[in-house]
Amino acid sequence: MFTLAEVASLNDIQPTYRILKPWWDVFMDYLAVVMLMVAIFAGTMQLTKDQVVCLPVLQSTVNSKVQPDTAGKADFTTVETTTAQEEASMGTVSFGSAPTVTPDILSRATSSQYQPTESDQELKKEKKDSSGRKTNLDFQQYVFINQMCYHLALPWYSKYFPYLVLIHTIILIVSSNFWFKYPKTCSKIEHFVSILGKCFESPWTTKALSETACEDSEENKQRLTGAQSLPKYVSTSSDEGSPSASTPMITKSGFKFSADKPMIEIPSVTILDKKDGEQAKALFEKVRKFRAHVEDSDLIYKLYVGQTVIKTVKFIFILCYTANFVNTISFEHICNPKVEHLIGYTQFECTHNMAYMLKKLLISYISLICVYGFICLYTLFWLFRIPLKEYSFEKVREESSFSDIPDVKNDFAFLLHMVDQYDQLYSKRFGVFLSEVSENKLRGISLNHEWTYEKLRQHVSRNAQDKQELHLFMLSGVPDAVFDLTDLDVLKLELIPEAKITAKISQMTNLQELHLYHCPAKVEQTAFSFLRDHLRCLHVKFTDVAEIPAWVYLLKTLRELYLIGNLNSENNKMIGLESLRELRHLKILHVKSNLTKIPPNITDVAPHLTKLVIHNDGTRLVVLNSLKKMTNVAELELQNCELERIPHAIFSLSNLQELDLKSNSIRTIEEIISFQHLKRLTCLKLWHNKIVSIPSSITHIKNLESLYLSNNKLETLPAAVFSLQKLRCLDVSYNSIAVIPVEVGLLQNLQHFHITGNKVDVLPKQLFKCVKLRTLSLGQNCITSIPDKVGQLLQLTYLELKGNCLDRLPATLGQCQLLRKSGLVVEDHLFDTLPSEVKEVLNQDTGIPFANGI
């Protein structure tokens with residue numbers, strides 16, 4: 001026989017799952033255990049003590065009840081029956097025939113009539129001692145008939161009642177816990193309970209809620225006097241309200257997650273260490289992934305509703321058929337076994353010794369089933385009364401500072417509803433890990449722990465302008481210690497989506513340049529006031545124009561603005577919403593984008609601009625009429641804009657000093673004659689185009705000092721180029737020029753001459769009359785020899801000869817007083833052809849070993 005413990009194991013679930021069992025499930029589990037006890041008790045009693053006792057129904061007994069005794073005289077039939085009973089008691093049994101009267105019995109009966117005194121006394125004594133009528137059945141026949149009548153006379157429910165109760169109870173238990181065992185729901189429930197327990201225990205949860213309680217308390221103190229005191233687990237120290245996060249504090253409680261209601265100890269204020277912070281960050285990620293996984297279906301909800309419906313139907317079924325059998329259980333039964341040929345009797349009266357016990361147990365079982373059914377009906381009412389596939393954290397949002405906790409749906413919502421039936425504190429603490437505000441606070445604390453002042457100081461470097469620069473890349477936020485670097489000149493923030501500039505930036509009095517690369521930084525009001533008055537240069541790199549912070553357009557003292565990102569025609573309308581009109585002191589505007597026209601709002605600051613740079617990504621810039629309004633522009637760069645000619649709008653820029661049309665598709669520059677109206681133009685950059693010739697009208701640009709024509713398709717250099725007496729830099733590298741005209745000697749102010757990557761084979765001697773040359777690039781040509789007059793270039797500091805057909809280097813290189821080995825770009829074997837004294841001169845004041853190239 002199995003024990004109660006073995007059957008109760010069917011109802012055993014993991015203790016942690018009890019958090020998902022509301023009171024009705026717990027109550028039904030207890031009822032199921034009681035029903036199990038009823039089934040096992042009834043079954044045990046039935047197997048050990050259940051039996052039926054039967055006696056035959058005697059026909060003579062029935063007749064004797066009909067015929068009354070006369071004058072106290074014994075009837076012969078009575079004597080005969082009594083004698084037969086006596087014989088049966090002595091073991092004389094006749095099967096299938098009536099009892100036989102023997103001569104001895106007859107003689108005793110006859111003699112008794114004549115001897116009444118002694119015989120009558122004995123007979124009366126014998127009758128007084130007997131307690132009933134005797135039958136002619138032996139013990140084995142009684143056993144046989146008892147077993148026959150147990151199966152024939154007793155109703156089936158009396159025999160199988162304990163087993164039915166056991167089966168029904170097992171079905172109810174399985175129905176109650178099926179959603180914990182079904183594979184497609186078990187994994188989700190197990191994961192949810194695990195995450196919920198970790199969220200409850202996390203020190204970050206305690207800290208977040210404690211800070212909220214502190215904030216609420218401060219607000220209440222300001223609103224009302226005599227407000228309620230803070231809870232015991234909230235720290236009231238002055239450090240809690242301090243804006244500094246360099247030493248973040250946390251109230252770490254001694255929570256131990258279990259299925260029972262947690263016992264909250266009085267927590268002590270402690271620092272959120274790195275391990276706790278990492279665990280909390282991992283929990284945020286787990287909660288995010290679990291929510292995405294569970295919210296896409298409602299299988300758990302449907303399964304719970306289904307098993308509740310099954311239990312309700314089961315209750316109705318049990319109640320309907322069981323109620324009919326209550327009255328069938330009785331103590332007395334009539335049995336007609338139809339075995340008269342074996343027993344000699346056709347009818348028996350039987351008694352069932354367990355009848356009263358089974359009836360009481362059945363009534364108890366029906367009572368339990370009724371209670372169980374009413375609870376099932378209540379559960380169904382609860383399931384359909386409110387939408388359990390939606391869960392709102394509205395109350396948590398009202399009680400805490402985390403107003404961004406989102407509402408959830410489907411199975412995620414249903415699980416939280418079930419947890420609320422256990423303890424609403426769980427969902428409140430769980431909601432902390434659904435809040436982005438909470439996650440950002442945690443990131444800030446972890447960030448400040450990791451990026452201390454000392455670590456940030458190690459990342460400060462000197463840039464090309466000899467300014468102290470700090471570049472922060474892919475952090476969760478801006479560490480507070482950054483604002484303690486008061487001597488910082490340049491701050492670069494890249495890929496920091498949650499960057500926040502606090503009021504502490506006012507300490508950085510040297511900060512004048514800020515870079516925001518894919519970093520829509522938020523700025524506090526005090527910090528904005530500081531940036532508005534002190535910031536001079538701002539770089540903003542973005543994917544969409546909406547990422548540009550709105551406060552950028554209000555920096556009145558800003559001098560330089562660099563915008564790098566997507567500014568197509570649709571986004572131009574968006575950028576127009578935030579006009580640049582407020583940038584009254586803006587001098588330099590650099591736009592690297594994909595513009596098809598110059599945005600109209602740029603013209604708002606056109607009168608103030610002195611430099612405009614537009615770098616396109618190959619998109620053709622068509623509309624350029626807005627350039628005419630930029631009368632003060634001194635530098636203009638239109639790079640990679642697919643321009644085929646020099647735009648006429650440029651000729652209206654009377655103050656233009658430098659023009660850069662790099663990387664376009666310009667083939668002819670006949671319009672260059674119009675540059676004569678640009679009296680201040682000193683630098684013209686037409687490099688990386690498709691120019692095949694230089695018109696002679698270039699002589700009209702008399703003030704030109706720098707001319708860049710590299711990476712074009714030039715084959716000759718016209719003499720007109722060398723009439724530009726003020727020319728100091730001439731770059732015609734990477735063309736197809738074969739001859740350097742002798743007129744090159746007219747450029748007495750020439751300091752930098754670059755003709756690398758052409759087809760020059762002979763260097764004219766007139767070239768060396770340009771005694772002011774400092775840089776001479778002759779590499780990758782066909783030059784076979786270098787004239788000795790190269791020694792006349794006393795100011796030469798850089799000479800490139802690599803990639804030619806030279807056999808030797810002239811010894812006169814030693815006369816170039818400023819030329820050093822680091823500035824001489826030539827093959828190793830050619831350098832070895834120089835005399836030793838020349839080598840010594842070239843090696844002076846340099847400890848750098850010789851290397852090919854600069």
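Me: Which element gives the most to the nonpolar patch?
Reply: In this predicted model, helix α2 gives the most, with four residues. The elements that give two or more residues are α2 (23–49) and α14 (355–385).

Me: What makes Trp23, Val26, Phe27, Tyr30, Val371, Tyr378 and Phe381 a nonpolar patch?
Reply: A patch takes residues with over 30% relative accessible area and no salt bridge, and nonpolar side chains are joined within 5 Å. These seven names form such a patch on the surface, with about 690 Å² of accessible area together. Phe381, one of them, is found in helix α14.

Me: What does UniProt list as "transmembrane region"?
Reply: The unreviewed entry lists residues 27–47, 160–180 and 362–384. Such annotations may be inferred rather than shown by experiment.

Me: How do you know what the chain forms over residues 160–180 and 362–384?
Reply: Over residues 160–180 the chain is 100% helix and 0% strand, with the end C-alpha atoms 31 Å apart. Over residues 362–384 the values are 100% helix and 0% strand, and the end C-alpha atoms are 33 Å apart.

Me: Why are the buried residues of α20 said to line one face of the helix?
Reply: Buried means under 20% relative accessible area, and in α20 (residues 525–534) the buried residues are Ala527, Phe528, Phe530 and Leu531. Seen down the axis of α20, they fall within an arc of 160 degrees, so they line one face. In general, an α-helix has 3.6 residues a turn, so residues three or four places apart point the same way.

Me: What do the buried residues of α20 pack against?
Reply: They pack against β11 (500–501) and β13 (522–523).

Technical notes. Residues numbered from 1 in each chain as written. Predicted model: local features only at pLDDT ≥ 70, side-chain atom pairs only at ≥ 80, totals over all residues. Heavy atoms only, no water. Patch = residues over 30% accessible without salt bridge, like charges linked within 9 Å, V, L, I, M, F, W, Y side chains within 5 Å. Areas by Shrake-Rupley, 256 points an atom, 1.4 Å probe, with all protein chains shown as cover. Salt bridge = Lys/Arg side-chain N within 4 Å of Asp/Glu carboxyl O. Buried < 20%, exposed > 50% of the residue type's maximum accessible area, 1.4 Å probe, protein only. Arc of directions from axis to C-beta. Contact = heavy atoms within 4.5 Å.
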